[in-house]
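Here is a short briefing to read with the model beside you.

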Amino acid sequence: MELKLSTKVRDLRLRERNKLTMILTVNHSWKDLAAVLRNPDNKDVDMFTAEDIDILDLEPRPAEAFLEHWSTYGRKQPNLGDLLSALKESNLLRAAHFVQSELLKISDESLEDEEAISEKLETVLHSVAQNNETAEAVDLINQNLQGIDLSELTQFNFSDLARSTRNFCNIRAEEGGHKIGEGAYGSVYRANISGITVAVKLLKEPIDKQFFTELNILVR
């Protein structure tokens, strides 16, 4: 069966549906998708409330339960065009690339470029000085990076990083907090900024040569 933008999401083959579910399971990204969906029969109403999402999250396979509920709801059931638009709106570029390139066989270089940028951002540890001397930290990092200009990378304000980690909450991520781990240079926290999942390293020691060796590897 050739898939088109008008193909209903509920009509996806089992293998295609399972792969989409698997992608949406990573980092609970199905919740980001659910947050932007509108009721297919009434675009002025949210499809899922916060309470609905909490209930779905109790399911053994929440991403699968979410997709099943959404794809079979209402008179005007969603199609792949609706799904693709919602994935782009929620900045879920991996899932959008899967739907567009693998399911619909539509080439979109701009989407691929955005996905590559997102992948890079997900692996870069955005390191900030705890005393918030941002300008000095940026100058120091620029001087030590090997031919890489920080302007090529997305930069965040310290206040944005603090807010997205609930002021660097030390509760472990698997327990509902943000802390992923701790290394020689500081603690690492998981954060979601503008739909992008990033790791944030909060430094606890002065920056030394070994730190820049690590950073040079990460940004390439």
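A residue counts as buried under 20% relative accessible area, as exposed over 50%, and as partly exposed in between, using a 1.4 Å probe and protein chains only. Arg 17 is buried, with a relative accessible area of 13%. Before going on, please note that this is a predicted model, in which local features need pLDDT of at least 70 and side-chain atom pairs count only at pLDDT 80 or more, while totals for chains, interfaces and linings use all residues. Residues are numbered from 1 along each chain as its sequence is written, and side-chain values use heavy atoms, with hydrogens and water left out.

**The chain as a whole**

- The protein chain has 10 helices and six strands; these are DSSP runs numbered from the N terminus, with helices (H or I) of at least four residues and strands (E) of at least two.
- Of its 220 residues, 44% count as buried.
- Contact here means heavy atoms within 4.5 Å. Among contacts between residues at least 6 apart in sequence, 54% join residues at least 24 apart.

**Helix 1 and helix 6**

- Helix 1 (residues 14-25) packs with helix 6 (residues 93-103) at an angle of about 160 degrees, and their axes are 9 Å apart. That makes helix 1 roughly antiparallel to helix 6.
- To read such angles, picture axes as lines fitted to C-alpha atoms, for helices over the stretch in contact, with angles running from 0 to 180 degrees between N-to-C directions. Angles under 35 degrees count as roughly parallel, over 145 as roughly antiparallel, 65 to 115 as roughly perpendicular and the rest as oblique.
- The crossing of helix 1 with helix 6 is right-handed. A crossing is right-handed if the near helix is turned clockwise from the far one by less than a right angle, and left-handed if anticlockwise.
- On the helix 1 side, Glu 16, Lys 19, Leu 20, Ile 23 and Leu 24 take part, and they meet Arg 94, Ala 95, Phe 98, Val 99, Glu 102 and Leu 103 of helix 6.
- By class, the residues of this contact are seven nonpolar, no polar and four charged. Ala, Val, Leu, Ile, Met, Phe, Trp, Tyr, Cys and Pro count as nonpolar, Asp, Glu, Lys and Arg as charged, and the others, Gly among them, as polar.

**Helix 2 and its partners**

- Helix 2 (residues 29-36) packs with helix 1 at about 95 degrees, with the axes 6 Å apart. The two helices are therefore roughly perpendicular to each other.
- Ile 23, Leu 24 and Thr 25 of helix 1 make this contact with Ser 29, Trp 30 and Leu 33 of helix 2. Four of these residues are nonpolar, two are polar and none is charged.
- With helix 4 (62-71), helix 2 crosses at roughly 25 degrees, and the axes come within 9 Å. That makes helix 2 roughly parallel to helix 4.
- Trp 30, Leu 33 and Ala 34 of helix 2 touch Pro 62, Ala 63 and Phe 66 of helix 4. This contact has six nonpolar residues, with no polar and no charged ones.
- The crossing of helix 2 and helix 4 is left-handed.

**Helix 5**

- Which residues of helix 5 (residues 80-89) are buried? They are Leu 80, Gly 81, Leu 83, Leu 84, Ala 86 and Leu 87.
- These buried residues pack against helix 1, helix 2, helix 4 and helix 6.
- At the start of helix 5, a side-chain oxygen of Asn 79 comes to within 3.0 Å of the backbone nitrogen of Gly 81.
- Just after helix 5, Asn 91 has a positive phi of about 65 degrees.

- Arg 17 sits in helix 1. Leaving aside neighbours within four places in sequence, Arg 17 is in contact with Val 9, Arg 10, Leu 12, Leu 67, Glu 68 and Ser 71.
- Asn 39 lies in strand 1 (residues 38-39) and is buried at 12% relative accessibility. Not counting residues up to four places away in sequence, Asn 39 touches Val 45, Asp 46, Met 47 and Tyr 73.
- His 28 is in the loop between helix 1 and helix 2. Although not a glycine, His 28 has a positive phi of about 55 degrees, and its relative accessible area of 43% makes it partly exposed.
- Lys 105 is in the loop between helix 6 and helix 7 (109-123) and counts as exposed at 66% relative accessibility.

Terms used. A polar contact is a pair of N or O atoms within 3.5 Å; within protein, one must be able to donate a hydrogen and the other to accept it, and residues adjacent in sequence count only if both atoms are side-chain atoms.
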